[in-house]
Amino acid sequence: MSSQATIFSPMGIALADLDVPVFRAWKLNGYAEAQFNIAITDNKCREDILHFGNILYVKHDKLPAWIGFIDPPRRWHNTYVEV
C-alpha cells in the first residue's frame, strides 16, 4: 500500500509533496492523528511548509484520504523534525 502526502496552505494552495512515511489513524465520528518525520536536510523542511495551520492531505491507494491540520507540538531533533 502506498500513499502520497501533500501540504496545503489554509487557503488550499498546494505547497509541497512530501516523500516521507506518514503514520495515521482513523476514528469513526471522532478526531484522530497523523505523524511524520522529515529530515532537517530535506529542502521541504521549512517554516512556511511545516507551519501550524497548514493542511496535511494523505492520498492512499486502498483507504480513504486522510486530511488534517499541522498543529503543536512540532519536535525538533538533531537530524529530523517530528510533525
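Two strands count as paired if DSSP finds at least two bridges between them; strands (E, at least two residues) and helices (H or I, at least four) are DSSP runs, numbered from the N terminus. The model is predicted: local features need pLDDT of at least 70, side-chain atom pairs count only at pLDDT 80 or more, and totals for chains, interfaces and linings use all residues. Residues are numbered from 1 along each chain as its sequence is written, and side-chain values use heavy atoms, with hydrogens and water left out.

An open sheet is formed by 4 strands in the order S3-S4-S8-S7, with antiparallel pairing. Its edge strands are S3 and S7 (75-76), each of which pairs on one side only. Inside this sheet, S4 (residues 34-39) and S8 (residues 80-82) run antiparallel and are joined by 3 bridges. Asparagine 37 stands opposite glutamate 82 of S8.

Another set of pairings involves S5. Strand S1 (residues 3-8) runs antiparallel to S5, and 6 bridges join them; isoleucine 7 has leucine 56 in S5 as its bridge partner. S5 (residues 55-60) is also joined to S6 by 4 bridges, again antiparallel, and a hairpin of 5 residues connects S5 to S6. Along this pairing, valine 58 has tryptophan 66 in S6 as its bridge partner, and tyrosine 57 stands opposite isoleucine 67.

In a regular strand the side chains alternate between the two faces of the sheet. Buried means under 20% relative accessible area, exposed over 50%, and partly exposed in between (1.4 Å probe, protein chains only).

Leaving aside residues up to four places away in sequence, valine 22 touches Ala5, Ala34, Gln35, Phe36, Leu56 and Val58, where contact means heavy atoms within 4.5 Å. Valine 22 and isoleucine 70 lie 48 residues apart in sequence and 13 Å apart in space, C-alpha to C-alpha.

Leucine 15 belongs to strand S2 (residues 14-18). Its relative accessibility is 35%, and therefore leucine 15 counts as partly exposed.
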